[in-house]
Amino acid sequence: MKMKQKKNNRTLKVVFLSIAGFVLVFSIISMVVIRIIYDKQFPRYDRYDETVTSYLRYSDVELDYPRKIVSFKSGENKLQGYVYGMEQDMGLVVIAHGLGGGADSYLPHITYFVDKGWRVFAYDATGSFDSEGKSTKGFPQALIDLDAALQYISMQDEYNDLPIMLFGHSWGGYAVANALHYDHEISGIVSISGVNSPMEIILEQGKHMMGGFVYTQYPFLWLNQRILFGKVASLNAVDAINQSDVPVLIIHGTEDDLVDYNGSSIISKLDEITNSKVRAISINEPGKNGHTNVYISDEAVDYINEINILYKELYDSYEGKIPYEVNQEFYSGIDRSLAHDLDPELMNEINTFFLECLN
């Protein structure tokens, strides 16, 4: 009887050790794979070749919109910032850009706000355009960089009497809403195509790549972000908005294919928001209800469609291998201002919202 019990104990021990070994190996492999995949999603984004892009370039607006270049630290990296409308004192609009771009990606918005009388502070986030950083690191980095920008602004005497408005899109939309976790004097916030929390968007995107298997990786995804960013990784926009009485305008396209309108978006959590000064706008007009086209005009939509047709013809004629010089010639003929013409109704609503925040 004792021999049988010893044999059973040995069997249980072997089973336990086998399970423990499997869990250990699975965990190590998962952490390594997660880190590799995670880092690939957040590479460095250098400034694009301005001769083969339809984006509005600073050289296109430089004469009418002079700017001052500044710099500030975010962690170990020096970030580059840009100040427009330097003599205007109605208020300061701080713009946080989306992942993959830089401050200049939002030149149409910058020039719009300057035309309306605002001073504008924009910056290239970590690992973006003219700022330092080997990579963009992850979603929480946008919030860390915005916090650093606001700390820098608070230490400059020239901004002391200016009400501060935050405007962010996508990565930046997540950052501006979550900025309310910090102790900054903010008068109003506009978050476009914003994400509620880093884990939600990581799981959402991970599901597209790995299906339901991604949920087995939740502990490792969470741990990886916690190691990289500490407590910042666990912050979410709903909690930030609810602990404040700062007015917030949330804007999102109903067919957003990067930040699911009914998934990781802030707008999907409206029933959880208790801040009475929150407003939301859902953009459901075809051609303008995606992730990056929510703020462009009908004329821009039509023009972009025309450009895409012409470029497809060019692409097919060269069997997908368009010579660099031919690409340059094609893009030199694009009306960049029209391609990025902003929706006047939406932008005026945003401007009116900011003006109301001054009272």
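This is a predicted model: local features need pLDDT of at least 70, side-chain atom pairs count only at pLDDT 80 or more; totals for chains, interfaces and linings use all residues.

Which residue forms a salt bridge with Lys68, and how far apart are the closest N and O atoms? I looked it up: the partner is Glu158, and the closest N and O atoms are 3.2 Å apart. Lys68 sits in strand S1 (residues 67-74) and Glu158 in the loop between helix H4 (139-154) and strand S5 (164-169), so the pair ties together parts that are 90 residues apart in sequence. For the record, a salt bridge here is a side-chain nitrogen of Lys or Arg within 4 Å of a carboxyl oxygen of Asp or Glu. Helices (H or I, at least four residues) and strands (E, at least two) are DSSP runs, numbered from the N terminus.

Residues are numbered from 1 along each chain as its sequence is written, and side-chain values use heavy atoms, with hydrogens and water left out.

Is Asp104 buried or exposed? I get buried, because its relative accessibility is 2%; the cut-offs are under 20% relative accessible area for buried, over 50% for exposed, and partly exposed in between (1.4 Å probe, protein chains only). Arg47 counts as partly exposed at 25%.

Next I checked Asp316, which forms a salt bridge with Lys312 at 2.8 Å between the closest N and O atoms. Both lie in helix H9, four residues apart, about one turn of the helix. Asp316 is partly exposed at 42%, and Lys312 is partly exposed at 47%.

**Entry: positive phi**

Which way does phi go at Phe129, positive or negative? It's positive, about 50°, although Phe129 is not a glycine. I looked this up since most residues other than glycine have a negative phi. Phe129 is in the loop between strand S4 (119-123) and H4, and Phe129 is buried at 3%.

Ser170 also turned up, with a positive phi of about 60° and no glycine label either. I placed Ser170 in the loop between S5 and helix H5 (171-178). Ser170 counts as buried because its relative accessibility is 11%.

**Entry: a side chain meeting the backbone**

Where is Asn236? I found Asn236 in the loop between helix H7 (218-229) and helix H8 (237-242). A polar atom of the Asn236 side chain lies 2.9 Å from the backbone nitrogen of Asp239. Asn236 is buried, with a relative accessible area of 15%.

**Last check**

I went back to H7 for Ile227, which is found in that helix. Ile227 counts as exposed because its relative accessibility is 56%. Over in helix H9 (residues 298-317) I found Asp302, which is partly exposed at 48%.

Terms used. A polar contact is a pair of N or O atoms within 3.5 Å; within protein, one must be able to donate a hydrogen and the other to accept it, and residues adjacent in sequence count only if both atoms are side-chain atoms.
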